[in-house]
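Colleague: I am new to reading protein models. Could you walk me through the pockets and a sheet?

Modeller: Gladly. Let us look at the model together.

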Amino acid sequence: MIVTARAPLWLRDVLRDLDLGSPFGVCSNGAVVQDFEHGRALLHHPLSAEVAVRLIGALRAAAPGVAFACERESLTFREPHYVPMWPTPGMSASGAAELFVSEPVSKLIVQHPNLSQDDLHTLVRSICGDEATATISGKQLVEISGAGVTKAYALRALREQLGVTPNAVVAFGDMPNDIPMLEWAGRSIAVANAHPDVIQVADEVTGSNDDDGVATALERLLFTET
């Protein structure tokens with residue numbers, strides 16, 4: 001199963017090409033569990049509009065120049081001065097962030113032209129407090145989800161429906177947004193080029209992405225340890 005920071009719109013074609021045999025995908029850092037077979041969200045736990053507006057105001061005051069984007073299930077919006085890091089399906093410049101968080105959003109994304117990612121993450125976490133969850137999945141961005149929403153949160157909910165025990169779950173990860181999932185899974189594996197914090201919590205380390213590390217670990221699990 002694919003478990004990703006990306007929105008459902010990003011994942012649809014990837015799942016079709018991989019043909020994993022499961023119609024489900026965990027998206028937006030756990031805010032959405034999408035049933036791609038029926039084209040609907042099986043679970044959606046968004047960040048409330050009230051909290052999002054407060055966070056935007058507090059971050060603008062604390063870090064002038066900050067820019068925002070957001071996801072609403074398969075829709076993506078950004079402020080005109082937000083700089084996309086990669087081509088994003090469906091993303092369009094949509095005015096001030098306060099407008100596109102007038103209703104709950106799956107994920108709020110924060111960017112700053114001068115602050116380092118670590119400094120921005122520290123600032124965002126302090127402002128979120130207990131009202132939201134801040135994490136990192138890639139370079140230069142900090143992502144904000146609803147309180148308690150992580151990849152592990154979504155997998156726990158999906159596990160209950162599928163009847164799978166945590167001990168039967170093997171999870172792979174490389175970035176800090178994977179840490180709750182790796183700590184929850186029965187067995188956790190980091191790729192060699194993962195973030196240092198991920199390597200520290202994983203049960204084991206496989207090869208890097210460039211060296212087909214996940215495939216190597218799966219081959220070992222399926223054909224050597226069974």
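Colleague: Which element gives the largest share of the lining of the second largest pocket?

Modeller: Keep in mind that this is a predicted model. To read a lining, ask which elements its residues belong to. Here strand E8 gives the largest share, with 4 residues. E8 covers residues 132-135. Helix H4 (117-128) and helix H6 also supply at least two residues each.

Colleague: How many residues line the second largest pocket, and which lie nearest its centre?

Modeller: The lining has 17 residues. Nearest the centre are Thr133, Ala134, Thr135, Pro176 and Pro180. The space in this pocket is about 300 Å³.

Colleague: Now the largest pocket. How much space lies in it?

Modeller: About 1700 Å³. Its lining counts 50 residues. Ile2, Val3, Thr4, Lys151 and Phe172 are the closest to its centre.

Colleague: Which element gives the most to the lining of the largest pocket?

Modeller: Helix H5 does, with 5 residues. H5 spans residues 151-162. Other elements supply at least two residues each, among them helix H1 (8-18), strand E7 (107-111) and helix H8 (213-223). Helix H6 (179-184) is also on that list. H6 supplies at least two residues to the lining of the second largest pocket as well.

Colleague: Let us turn to the sheet. What holds strands together in general?

Modeller: Strands of a sheet pair through backbone hydrogen bonds, either parallel or antiparallel. In this structure, 3 strands form an open sheet in the order E1-E2-E3, and the pairing is antiparallel. E1 (24-27) and E3 (40-44) are the edge strands, as each pairs on one side only. Neighbouring strands are turned by 25° against each other on average, with direction ignored.

Colleague: How many bridges join E1 to E2?

Modeller: There are 4 bridges between E1 and E2, and E2 covers residues 32-35. Gly25 has Gln34 in E2 as its bridge partner.

Colleague: Which helix lies across E1 and E2?

Modeller: That is H1, which runs at about 145° to E1.

Key
Residues are numbered from 1 along each chain as its sequence is written. This is a predicted model: local features need pLDDT of at least 70, side-chain atom pairs count only at pLDDT 80 or more; totals for chains, interfaces and linings use all residues. Side-chain values use heavy atoms; hydrogens and water are left out. On a 1 Å grid over the protein atoms alone, a cavity is a set of points where a 1.4 Å probe fits but cannot get out, and a pocket is an open set with protein on both sides within 12 Å along at least five of seven lines; lining residues have an atom within 4 Å of a point. Grid points are joined across faces, edges and corners, and a volume is the space filled by probe spheres set on the points. Two strands pair if DSSP finds at least two bridges between them. Axes are lines fitted to C-alpha atoms, for helices over the stretch in contact, and angles run from 0 to 180 degrees between N-to-C directions. Contact means heavy atoms within 4.5 Å.
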